[in-house]
Amino acid sequence: GHHELLIDGRGFQVRRVNIKPGMMIALQKHKLRSEHWVVVKGSAQVIYNKETHILHENESFYVSADNAHSIKNIGESILEFIEVQVGECLKEDDIERL
């Protein structure tokens, strides 16, 4: 998949993220930022610490800082979601892959 930066503000960013069917974002966590995901197309499986959640269009999930998370496209078409990042560090060097 890919992502597109929509808004880059002081202490926050908004991105549109697309994930192909069957694909997922690597399990990771961030020490200095939280994320809020809103599904706009498709269905997703969210891994949050040791819990699993299913999201459909117009549903959302909040990922607080320093918690393991991943999202997988469990549908047959592109998963599209809006990701709002808020925190002190929004750069890639705050990603800890697990």
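The following dialogue examines several features of a predicted model.

Student: Why is the pair of Tyr48 and Phe61 called edge-to-face?

Tutor: The ring centres of Tyr48 and Phe61 lie 5.2 Å apart, and rings pair if their centres lie within 6.5 Å. Their planes stand at 70°, and planes over 60 degrees apart count as edge-to-face. The pair is therefore edge-to-face. The structure holds 2 aromatic pairs.

Student: What makes this a link between distant parts of the chain?

Tutor: Tyr48 belongs to strand S5 and Phe61 to strand S7, 13 residues apart. Tyr48 and Phe61 are both buried.

Student: Why is Asn49 called partly exposed?

Tutor: Its relative accessibility is 36%. Buried requires under 20% and exposed over 50%, with partly exposed in between, so Asn49 counts as partly exposed. Asn49 is found in the loop between S5 and strand S6.

Student: How do you know that Asp66 is partly exposed?

Tutor: The relative accessible area of Asp66 is 38%. Asp66 is found in the loop between S7 and strand S8.

Student: What makes the phi of Asn49 worth noting?

Tutor: Asn49 has a positive phi of about 55° although it is not a glycine. Most residues other than glycine have a negative phi. Asp66 also has a positive phi, near 65°.

Student: Which residues touch the most other members of the largest nonpolar core?

Tutor: They are Val46, Ile71, Leu79 and Phe81, in a core of 13 residues. The largest share, 3 residues, comes from S5.

Notes. Residues numbered from 1 in each chain as written. Predicted model: local features only at pLDDT ≥ 70, side-chain atom pairs only at ≥ 80, totals over all residues. Heavy atoms only, no water. Phe/Tyr/Trp six-rings, centres within 6.5 Å; stacked < 30°, edge-to-face > 60°. Helix = DSSP H or I, 4+ residues; strand = E, 2+ residues; numbered from the N terminus. Buried < 20%, exposed > 50% of the residue type's maximum accessible area, 1.4 Å probe, protein only. Core = buried A, V, L, I, M, F, W, Y, C linked by side-chain atoms within 4.5 Å.
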